[in-house]
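Hi everyone, thanks for coming. Please have a look at the sequence and the model on the screen, and then I'll walk you through a few places in it.

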Amino acid sequence: MILAVDFEDKLISATSADNELINASKMVEAGKILDIPVVISEQYPKGLGQTSSVIINIPLNPVVLEKTTF
């Protein structure tokens with residue numbers, strides 16, 4: 001299983017984690033190719049928004065878990 005944790009655009013820009021976002025998108029893409037399940041967690045999506053389109057637009061059926069605590 002591949003787990004992508006907290007890749008909302010607001011968090012990425014606040015932490016300057018652009019390289020981490022690119023690497024995570026490559027891992028998610030590899031999961032799609034290799035048919036490995038993908039789980040995505042989102043930190044308070046009502047306030048921070050959903051997972052970055054760089055990851056979420058990769059055609060797959062991820063399990064998305066919303067959370068409100070770190």
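Predicted model: local features only at pLDDT ≥ 70, side-chain atom pairs only at ≥ 80, totals over all residues.

Let's start at Q43, which sits in strand 2, residues 38-43. Residues are numbered from 1 along each chain as its sequence is written, and side-chain values use heavy atoms, with hydrogens and water left out.

Is Q43 buried or exposed? Q43 is buried, because its relative accessible area is 5%. Buried means under 20% relative accessible area, exposed means over 50%, and partly exposed is in between, with a 1.4 Å probe and protein chains only. Which residues does Q43 touch, leaving aside its neighbours within four places in sequence? The contacts are D6, E8, L11, L48, K67, T68, T69 and F70, where contact means heavy atoms within 4.5 Å.

Now take strand 2 as a whole. Of its 6 residues, 6 are buried, so strand 2 is largely enclosed by the rest of the structure. Both of its faces are covered, with V38, I40 and E42 buried on one side and V39, S41 and Q43 buried on the other.

Strand 2 also has partners, and two strands pair if DSSP finds at least two bridges between them. Strand 1, residues 2-5, runs parallel to strand 2 and is joined to it by 4 bridges; I2, for instance, is bridged to V38. Strand 3, residues 63-67, also runs parallel to strand 2, with 5 bridges joining them. There, our friend Q43 has K67 as its bridge partner.

Strand 1 has one covered face, made of I2 and A4, and an uncovered one, made of L3 and V5.

In soluble globular proteins, nonpolar side chains tend to be buried together. A nonpolar core, as used here, is a set of buried Ala, Val, Leu, Ile, Met, Phe, Trp, Tyr and Cys residues joined through side-chain atoms within 4.5 Å. The largest one has 12 residues: I2, A4, F7, I12, A17, L21, A24, V28, V38, I40, I55 and I58. Strand 1, helix 2 and strand 2 are the elements that give two or more residues to this core, and helix 2 gives the most, with 3 residues. If we zoom in on I12 and leave aside its neighbours within four places in sequence, its contacts are F7, A17, D18 and L21.

On to the charges. Side chains of opposite charge can pair when their charged atoms come close. How many salt bridges does the structure hold? There are 2, a salt bridge being a side-chain nitrogen of Lys or Arg within 4 Å of a carboxyl oxygen of Asp or Glu.

One of them joins the side chains of K67 and D6, at 3.1 Å from N to O. This pair links distant parts of the chain, since K67 is in strand 3 and D6 is in the loop between strand 1 and helix 1 (9-15), 61 residues apart. D6 is buried, at 13% relative accessible area, whereas K67 is partly exposed, at 22%.

K32 forms a salt bridge with E29, and their closest N and O atoms are 3.5 Å apart. K32 and E29 are separated by about one helical turn, because they are 3 residues apart in helix 2. K32 is partly exposed at 35% relative accessibility, and E29 is partly exposed at 27%.

My last stop is S52, in the loop between helix 3 (45-48) and helix 4 (53-56). S52 is buried, because its relative accessible area is 1%. Leaving aside its neighbours within four places in sequence, S52 is in contact with F7, E8, D9 and L21. S52 and I22 are 30 residues apart in sequence, and their C-alpha atoms are 11 Å apart in space.
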